[in-house]
Amino acid sequence: PMRIAPLFETREDLQNAPKVMDRVFKAKVYHERISGFHEVMLGYSDSSKDAGKFASLWELHVAMEKLLAVGKEHGVKLNFFHGRGGSIGRGGGPLHLSLTSQPAGSIDNAYRITVQGEQINAFFASDEVSIQTLQSFTGLILEHSLAPPPLPTPAQRELMQSLADQSAKCFQQIIYHSAGGAFAKYFHQASPSGELGTLNLGSRPAKRKAQGGIETLRAIPWVFAWTQMRLHLPVWLGGGDALRAMEANGDMPKLQAMYKEWPFFTGLIDLIELELSKADATIAEYYDKELCTGTLLDLGKELRTKLGEAIEVFLKVSGRAEPIADQPFTKQSFQMRQPYLYPLHVIQCEALKQSRAADPTATDEPSKKRLRALSDTIIVSIQGISAGMQNTG
């Protein structure tokens with residue numbers, strides 16, 4: 001029979017998932033057909049784009065707990081199908097952080113996951129790499145099945161729910177409710193988001209609808225565009241504000257203790273800190289000055305300030321002096337790629353500026369040739385920066 005896997009992706013979807021599956025399992029004919037087994041697909045991309053990383057991962061954690069309880073009540077074994085992308089903003093990241101932070105019982109001798117984009121090459125580039133990948137998955141699945149991580153205490157659960165709610169509120173206010181749609185204007189001016197939609201770099205259109213704002217943009221170009229201009233906003237926005245609010249309330253010792261004691265929160269902080277290590281406010285400012293105008297420059301400055309504040313508060317929670325200070329090889333690897341990234345950013349900015357200033361309706365051959373050359377330059381710069389960052393989105 002066909003493998004049915006309903007997909008729950010936005011924050012609201014994840015919150016409603018247990019009720020939906022409970023109704024499905026109550027249907028006698030359906031329950032008889034599934035023979036006590038069912039898959040449920042969980043989306044990481046849209047939940048993160050909808051409410052931010054903190055709220056996304058927490059709602060996924062809670063949804064898995066509740067879905068397991070629903071399955072147990074109806075005598076159905078659930079296997080979760082994880083729709084992860086390559087970047088941390090879309091559910092990617094180091095395997096051990098992704099798997100060990102999942103709730104007890106959510107990995108029961110099986111694990112299904114999407115592998116896409118640059119991850120295909122990273123996981124299966126050769127026989128040797130493929131074997132190493134499968135060995136890593138096998139070891140982590142066995143570890144999680146035999147010695148699952150502890151579930152949060154009531155106090156940790158309450159604290160995490162507060163963080164998720166606060167972060168989602170801040171994230172959505174800035175992105176979806178900015179005055180006069182200023183944020184959407186900034187995003188499209190400061191990043192190559194519009195150009196990504198015209199390039200043959202993905203399996204699907206950049207937007208779900210031809211018209212509409214950021215809400216219609218797919219998660220891949222959303223993350224990809226921020227990666228190109230090095231602000232990495234989808235990962236840390238909202239989370240930094242929520243942690244700062246907790247700190248102002250005197251809860252930093254609780255956050256530090258939770259980081260040491262609860263694998264889920266450890267993984268969450270470490271994943272975001274890994275992405276913060278690649279952010280560069282200086283490069284983001286360069287994009288702003290080259291591509292933005294008017295009050296959008298002020299918005300860019302505000303976001304870069306928030307980036308600095310986020311880095312500071314995340315380091316306070318983890319107790320490190322700088323991002324990924326305990327991962328010298330990862331840090332050194334990225335530092336070795338940095339000198340090649342700087343000129344690519346400059347080239348990309350100049351090509352974007354000239355391309356946007358050009359007349360797209362020009363029919364004379366020199367103008368058309370120049371536009372093609374600029375488009376090729378943008379493509380090469382995007383691919384080069386993507387290779388240097390080692391994720392596309």
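Strands S2 (residues 37-43) and S3 (residues 77-83) pair in the parallel sense over seven bridges. Strands are DSSP runs of E with at least two residues, helices runs of H or I with at least four, both numbered from the N terminus. Two strands pair if DSSP finds at least two bridges between them. This is a predicted model, in which local features need pLDDT of at least 70, side-chain atom pairs count only at pLDDT 80 or more, and totals for chains, interfaces and linings use all residues. Residues are numbered from 1 along each chain as its sequence is written, and side-chain values use heavy atoms, without hydrogens and water.

**Sheet**
- The open sheet has four strands in the order S1-S2-S3-S4, with parallel pairing.
- S1 (7-8) and S4 (112-113) stand at the edges with a single partner strand each, so one side of each lacks a neighbour in the sheet.
- Valine 40 stands opposite phenylalanine 80 in S3.

**Cores**
- A nonpolar core joins buried Ala, Val, Leu, Ile, Met, Phe, Trp, Tyr and Cys residues through side-chain atoms within 4.5 Å.
- Buried means under 20% relative accessible area, exposed over 50%, partly exposed in between (1.4 Å probe, protein chains only).
- The largest nonpolar core has 91 residues, and Trp222 and Phe265 have the most contacts inside it.
- Helix H4 (residues 53-73) gives this core its largest share, 10 residues.
- A second, separate core of eight residues includes Leu95, Leu99, Phe123 and Phe137.

**Glutamate 275**
- Glutamate 275 lies in helix H15 (residues 263-276).
- Glutamate 275 is buried, at 3% relative accessible area.
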